[in-house]
Each structure stands twice: as structure tokens, then as C-alpha cells.
Amino acid sequence: MIVSCVSKLRLFDYHMTGISRIWKNILFSMAADSISIGPMRLGNVDGYLNRSNELVYHSSVGQPPVGCIIFFGGDMQDYKEKMLAHRDNQHYSKWDLESTAVLLHNHFPQQAIIIVKPAKMSLMTFSCYENFVNVNNFGAPTYEKNIDSLKHLKLLLSNTGTVIQKKQNEASSIIENNINLPVLEPLNLIEIPLTVIGFSKGCVVLNQFLYSFQSLQEDKDDEVSSFVNNISSMYWLEGGHSGCSSTWVTDKNVLHNFSTMKMDVHIHVTPYQIFCDTRPRIGREEKIFRENLCRMGMNVSRTLHFESEPRSLEKHFEVLEVFKKAA
């Protein structure tokens, strides 16, 4: 039955010359639940207090997903056409947002993938997550003690399901009436286990979450607390930014509060960041972060990749390929 349905969709492919690749992905996904949607640009999705972020979505294999991966990328990571248009960033275009979504899907096939695009790419290069954390023009953070970052993430995920459902309904209306497509369950991303991953600059968002977790103890919000309880794991991959401090959280009060939460912490680093001669603070801060959480009883794993190889930006990005294999 699935084969027949997919075959019919292919017969109608000549009708689809005006339909984007996104729509084709949706149509084939709806025809067989073993086929996943992705990668798929959702455009701007509304969040907290008139904030919005563009999202890239990749569905799980099978419905519904057993969890959701939320990813915040680093400098240079953008849509491929924008990276190719930049003199320097084109050399790293294999790490564009949609290719990264596919890579994460391969790492976590049973989970939905959400990639959060920064609100701004300064000079087409520097990721500025200003909807989550106070940053300067190059994306370097100043952390704040409020829960706005958590409220924004919660609303982004809540509205993502609505956006995807709307796109699927629009796709259904395009198909001929003689093709019966299965009805997909509405996607509810705020009531399933969540894994939050930051890479390079994207780790500043995870750091802000730690300050927001502490603020949640004072600024009580039952809905946000319930949402936070769904976060089961957090991954810091090669955290780094151009600021003078605060690449890793070293505030012992913030870390102590974090250590009481039932989350697994995964740290993946390379010599590119922690052995940087011009920024030795990064290695020192990572050690403080890791050792304090371990002493406080948190479940922490840490892997140093490419230890015997020369420091390079290529190896920095390659952590995205190898981190799950080492977890």
C-alpha cells in the first residue's frame, strides 16, 4: 500500500514543477511514515515578546518522535547559498544548517531535529543569539538572571508544531483526490524528552539557560518549570566566542543549582579551543566548569577529540561528526 502510494506521487511529479523541494519532502513523508521530512526551512517562528527565529526542521524516522534535539550552531553556519557567497565561509559550506540537520538526524534518527538560526549573522559570519542572551555585535555574551530565554525556547517549540501542521495541510490540498494520504499526529515538542546541543558560539545559549535555571528558582513559573523538566541532556561541543570571558560558566552558585537538576552533561572539545595560545582562558574555564559539576555530583562525560593532531578549524567542525560516536 505504501509503495503504491509513493508511486502515485511520483507519477504526479510532472505537476510539481512549481512546488519547492520542501513540499516534495512533505508529500513523500506523508505517503509513508518510514520516510522522514527534512531538512526543511520553516522560516520565522514566533517566540516570546515579539521575538522570532528562523528554524530548520528534520523529522524523525517514524511517527511520533521519541524526543527532540535542539541545536544552536556556531559562527559561519548559515544556509548553504549564503556561505557559498562569502569569500572565507565558502570553505566550510559542508557545515551549513541543513547539512547539519541531516547529520544530527543520522546521529539521532528517532528524534525530531530543530536547528535554531541566530537572529542575526553579523558581517555574514558572527552568530548573534540576541533573542536568547544579551550579546555584542560579534555575538559575545553578557549573561542575565531572568527566565526569558526559557520562555522563548518554549514558545518556539510550541509554535513549531503549528507551522509544520500548516505546511502539511497545504501540501495535502495540492495532491489529487484519488491519493489517500495518512493523517499525521500533531507534533507536540514541549511534552517529549529534549536534548539541547550547542556548538562553538551556540554554547552561549546553553550557558544562558544555566543562569535562567537559577532564576527560575526565584521567578516561579509552573509552565516553564514543567518544560525544563523535559530537558534530559545538554551537550557543549567546542564552546567558544570572541569575548574576553565567560566561554564556560564558572559561577559556583549557578553551577550548584544546575547540579541539582536531573540532566546528563556531555562535553566534547578539541585542541582548537582548549589549547588556544591566544585565549588560554577557554581551557581554564572549561576545567572549572567540568570539575565543579563533577564534585557537585552531576553526571558529566567529557571527551577530548583529535588530541594528537594539530589545532585546526577543520577539526573544530569535525566534532559535529564524531561526538555521538564517542558519547
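# Rings, Sheet and Covered Strand

Visitor: How many aromatic pairs does the structure hold?
Guide: This is a predicted model, in which local features need pLDDT of at least 70 and side-chain atom pairs count only at pLDDT 80 or more, while totals for chains, interfaces and linings use all residues. Residues are numbered from 1 along each chain as its sequence is written, and side-chain values use heavy atoms, leaving out hydrogens and water. Rings of Phe, Tyr and Trp (its six-membered ring) pair if their centres lie within 6.5 Å, and planes under 30 degrees apart count as stacked, over 60 as edge-to-face and the rest as tilted. The number of aromatic pairs in the structure is 16.

Visitor: Which kind of aromatic pair do F108 and Y235 form?
Guide: The two ring centres of F108 and Y235 are 6.5 Å apart, with 80° between the planes. The pair is therefore edge-to-face.

Visitor: How many residues apart in sequence are the parts that F108 and Y235 tie together?
Guide: Helices (H or I, at least four residues) and strands (E, at least two) are DSSP runs, numbered from the N terminus. F108 lies in the loop between helix 4 and strand 4 (111–116), and Y235 in strand 10 (residues 231–237). The pair therefore ties together parts whose separation in sequence, in residues, is 127.

Visitor: Are F108 and Y235 buried or exposed?
Guide: A residue is buried under 20% relative accessible area, exposed over 50% and partly exposed in between (1.4 Å probe, protein chains only). Both F108 and Y235 are buried.

Visitor: What is the angle between the planes of Y143 and Y211?
Guide: Y143 and Y211 form a stacked pair, 5.2 Å centre to centre. The pair links distant parts of the chain, with Y143 in the loop between strand 8 (141–142) and helix 5 (148–174), and Y211 in helix 6 (residues 203–216). Y143 is buried, with a relative accessible area of 14%, and Y211 counts as buried at 13%. The angle between the planes is 15°.

Visitor: Which residue of strand 2 stands opposite N44?
Guide: Strand 1 and strand 2 (residues 52–58) pair in the antiparallel sense over six bridges. The residue of strand 2 opposite N44 is E54.

Visitor: How many residues of strand 9 are buried?
Guide: In a regular strand the side chains alternate between the two faces of the sheet. Strand 9 (residues 194–199) is covered on both faces: L194, V196 and G198 are buried on one side, and T195, I197 and F199 on the other. Of the six residues in strand 9, the number buried is six.

Terms used. Two strands pair if DSSP finds at least two bridges between them.
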